[in-house]
Amino acid sequence: MTDLTRLSAAVLAEKIAAGEVTAVEATEAHLARIEAVDEKVHAFLHLDREGALAKAREVDAKREAGEKLGPLAGVPLALKDIFTTEGVPTTVGSKILEGWIPPYDATVTRKLKEADVVILGKTNMDEFAMGSSTENSAFGPTGNPWDLTRIPGGSGGGSSAALAAFEAPLALGTDTGGSIRQPAAVTGTVGVKPTYGGVSRYGMVAFSSSLDQGGPCARTVLDAALLHSVIAGHDERDSTSIDAPVPDVVAAARNGEVRGLRVGVVQEFGGEGYQAGVMQRFGESVELLRELGAEVVELSCPSFTKALAAYYLIAPSECSSNLARFDAMRYGLRVGDDGTHSAEEVTALTREAGFGDEVKRRVMLGTYALSSGYYDAYYGSAQKVRTLITQDFERAFAQVDVIVSPTTPTTAFPLGERADDPMAMYLADVCTLPVNLAGNAAMSLPCGLAPEDGLPVGLQIIAPAMADERLYRVGAAVEAAYEARWGHQLLDEAPSL
Amino acid sequence: MPGITREEVAHLARLARLELKDEELEHFAGQLDDIIGAVAAVSDVADEDVPPTSHPLPLTNVMREDVVRPSLTPQQALSGAPAHEQQRFMVPQILGEES
């Protein structure tokens with residue numbers, strides 16, 4: 001019998017629609033897989049078995065009644081624990097929200113339910129999406145299915161690990177500085193950060209509002225496109241949501257093509273700090289694009305060298321403001337309310353007990369950058385750098401259709417290696433941050449294993465804002481060429497758990 | 001750029017409503033100092049005549065019709081409250097009693 005957990009979402013949905021497999025069978029197969037391996041992987045913080053099976057039964061009933069099913073109906077999905085789910089816990093990886101049951105669904109959650117996607121549960125993440133390893137989760141780290149002693153990336157390490165461990169064929173992530181793409185890169189999966197404003201942020205717990213963007217995670221480019229088209233679109237509950245048609249990403253993913261395409265290679269993405277095997281696989285990908293008929297153009301984007309510095313001022317500044325809502329008054333943890341402390345003291349005691357180190361660091365860093373006397377030098381200058389980065393992208397996209405780069409400078413590093421060294425951790429996102437600062441769209445997809453450690457390497461494709469379909473057109477072409485060369489998917493080389 | 005002292009961390013923690021422990025002050029002072037040292041690279045552009053970007057989308061005042069819509073019930077809105085009474089969030093004492 002076919003192992004249902006090895007199928008792509010697209011194939012699984014077809015089988016369910018054709019009645020070859022029931023949604024309940026598909027859901028049970030994935031729940032059994034989770035049962036078997038998640039003790040080791042720890043991708044999930046919360047499983048919603050009953051909710052998932054109820055949804056699956058609903059899908060099967062619809063099919064039996066002759067109703068037309070949507071393109072992902074009955075397909076199981078792992079939802080990052082940053083999206084609110086009515087009646088199902090949402091912690092954002094933080095003690096401060098432990099036990100909180102949201103009274104409403106995020107727009108993304110609602111759209112998934114309307115598309116009859118089966119939500120299996122909520123995945124582990126760095127607390128409040130701050131981190132690149134999932135070690136900042138208050139509920140323990142997640143292991144990388146390629147090597148459980150290594151990081152699965154972050155902040156969305158639970159989602160990427162769930163995909164790579166075949167616990168779900170689809171997952172949802174959020175990307176503020178790379179939290180979808182970097183986990184995808186280090187686990188050999190596919191992740192897309194849509195254009196800023198492409199996917200509603202309503203009900204997505206805010207970290208840095210001008211950078212945060214929800215997006216699809218999957219094992220194939222087509223699956224990511226199918227999920228993208230389900231979750232994207234204008235939402236009047238998010239005033240920063242773009243009121244324009246969603247690019248036809250599914251058609252693009254079904255028609256991979258790069259002939260005549262101008263592909264930019266930015267010289268600032270490389271050099272010191274980049275692993276040799278990563279640069280080797282990246283170089284091969286550029287060569288592959290050339291063989292497939294693309295024209296490769298060398299570019300310079302000098303302001304990208306300041307992206308990390310600008311990001312670590314802007315994101316903490318916005319987070320220090322956003323996280324002020326965790327005041328112990330209306331929801332979440334409350335500590336010290338014993339009649340001897342004022343409300344303000346209770347707030348401070350609760351935040352001390354409820355936030356982890358990285359959240360505290362960023363809240364204080366943002367408070368510092370926004371304080372009078374430092375505002376112009378730090379936050380003000382960071383905003384100028386943001387303009388310069390956007391201008392660098394504009395100049396680049398006047399010459400090329402997409403930009404490619406390694407997604408991360410290194411493969412998955414060992415758990416613990418950078419856990420208490422914030423600057424080393426921040427460097428994991430050096431290639432992904434500029435995209436968030438400018439609001440562009442980008443994808444990471446597997447481009448091989450680094451020869452020195454046998455771990456996955458990600459290829460990043462960057463497109464201008466509102467041109468998300470280019471990611472899928474290029475991604476599908478690259479994916480097809482690599483799989484033809486390898487004779488299988490990269491994940492087929494991952495060790496069995 | 002000035003280094004971050006333990007006293008400054010204590011001040012930031014007060015502003016940010018974080019009741020940090022003594023050992024945390026020391027630990028964070030070193031780390032914040034490293035981070036601020038690195039991010040100070042942005043100040044190279046401080047004097048450049050470049051407009052600031054606060055947001056990737058050029059949006060201002062997105063409006064909608066002012067109409068009543070279904071929303072959370074009081075029970076739902078209070079469902080996550082640490083304490084509530086008479087359909088209100090119950091909070092610790094806000095105003096000081098002494099002096």
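**Reading the sheet and its surroundings**

Analyst: Let us begin with one residue pair: A:Arg262 has A:Glu295 as its bridge partner in S8(A). The model is a predicted one. The pair belongs to the parallel pairing of strand S7 (residues 262-266) with S8(A), which comprises 5 bridges.

User: In what order do the strands of the sheet in chain A stand?

Analyst: The sheet is open and has 11 strands, in the order S1-S3-S2-S4-S6-S5-S10-S11-S9-S7-S8 of chain A, with mixed pairing. S1 and strand S8 (295-299) of chain A each have a single partner strand, so they stand at the edges and one side of each lacks a neighbour in the sheet. On average, neighbouring strands are turned by 30° against each other, ignoring direction.

User: Which helices pack on this sheet, and which strands do they touch?

Analyst: Helix H3 (residues 49-64) of chain A touches S1, S2 and S3 of chain A, and its direction makes about 160° with that of S3(A). Helix H16 (residues 468-486) of chain A also packs on the sheet, touching strand S5 (190-193), strand S9 (402-406), strand S10 (441-449) and strand S11 (456-463) of chain A. The direction of H16 makes about 10° with that of S10(A).

User: How should I think about the residues along one strand, and how many residues of strand S3 (residues 118-123) of chain A are buried?

Analyst: In general, side chains of a regular strand alternate between the two faces of the sheet. In S3(A), 6 of the 6 residues are buried, so the strand is largely enclosed by the rest of the structure. Strand S1 (residues 44-47) of chain A runs antiparallel to S3(A) and is joined to it by 3 bridges. Within S3(A), A:Gly121 stands opposite A:Leu47. Strand S2 (residues 76-80) of chain A pairs with S3(A) in the parallel sense, over 5 bridges. A:Thr123 in S3(A) is the residue opposite A:Lys80.

User: Next, helix packing. At roughly what angle do the axes of helix H10 and helix H13 of chain A cross?

Analyst: A pair of packed helices is described by the angle between the axes and by the distance between them. For helix H10 (residues 307-322) and helix H13 (residues 376-399) of chain A, the axes come within 9 Å and cross at roughly 125°. H10(A) and H13(A) are therefore oblique to each other. The crossing in which H10(A) passes H13(A) is left-handed. H10(A) makes the contact through A:Ala307, A:Ala310, A:Leu313, A:Ile314 and A:Ser317, while H13(A) contributes A:Tyr378, A:Tyr379, A:Ala382, A:Val385, A:Arg386 and A:Ile389. By class, this contact has 9 nonpolar, 1 polar and 1 charged residues.

User: Where does A:Phe355 lie, and is A:Phe355 buried or exposed?

Analyst: A:Phe355 lies in the loop between helix H11 (343-354) and helix H12 (357-370) of chain A. A:Phe355 counts as buried because 25 C-beta neighbours lie inside 10 Å, the cut-off being 20 or more. Leaving aside residues up to four places away in sequence, A:Phe355 touches A:Ser94, A:Ile96 and A:Lys360. The C-alpha atom of A:Phe355 is separated by 9.7 Å from that of A:Leu97, 258 residues apart along the chain.

User: What backbone features deserve attention in the loops?

Analyst: Most peptide bonds are trans, and most residues other than glycine have a negative phi. Here, a cis peptide bond joins A:Gly154 and A:Ser155, with omega about 10°. A:Ser155 lies in the loop between S3 and helix H5 (157-164) of chain A. A:Thr134 is also placed in the loop between S3 and H5 of chain A, and has a positive phi of about 70° although it is not a glycine. A:Thr134 counts as buried because it has 34 C-beta neighbours inside 10 Å. A:Met466, in the loop between S11 and H16 of chain A, has a positive phi near 70°. With 19 C-beta neighbours inside 10 Å, A:Met466 counts as partly exposed.

User: Finally, how many residues of chain B are in contact with chain A?

Analyst: The contact involves 46 residues of chain B and 56 residues of chain A. On the chain B side, helix H1 (6-15), helix H2 (22-39) and helix H3 (74-77) each supply at least two residues. H2(B) gives the most, with 7 residues. The residues on the side of chain B that touches chain A divide into 31 nonpolar, 10 polar and 5 charged.

Key: Residues are numbered from 1 along each chain as its sequence is written. Chains are lettered from A and ligands numbered from 1 in the order in which they are written. This is a predicted model: local features need pLDDT of at least 70, side-chain atom pairs count only at pLDDT 80 or more; totals for chains, interfaces and linings use all residues. Helices (H or I, at least four residues) and strands (E, at least two) are DSSP runs, numbered from the N terminus. A residue is buried if 20 or more other C-beta atoms lie within 10 Å of its own, exposed if 12 or fewer, and partly exposed in between; C-beta atoms are placed from the backbone. Two residues are in contact if their C-beta atoms, placed from the backbone, lie within 7 Å. Axes are lines fitted to C-alpha atoms, for helices over the stretch in contact, and angles run from 0 to 180 degrees between N-to-C directions. Angles under 35 degrees count as roughly parallel, over 145 as roughly antiparallel, 65 to 115 as roughly perpendicular and the rest as oblique. A crossing is left-handed if the near helix is turned anticlockwise from the far one by less than a right angle, and right-handed if clockwise. Ala, Val, Leu, Ile, Met, Phe, Trp, Tyr, Cys and Pro count as nonpolar, Asp, Glu, Lys and Arg as charged, and the others, Gly among them, as polar. Two strands pair if DSSP finds at least two bridges between them.
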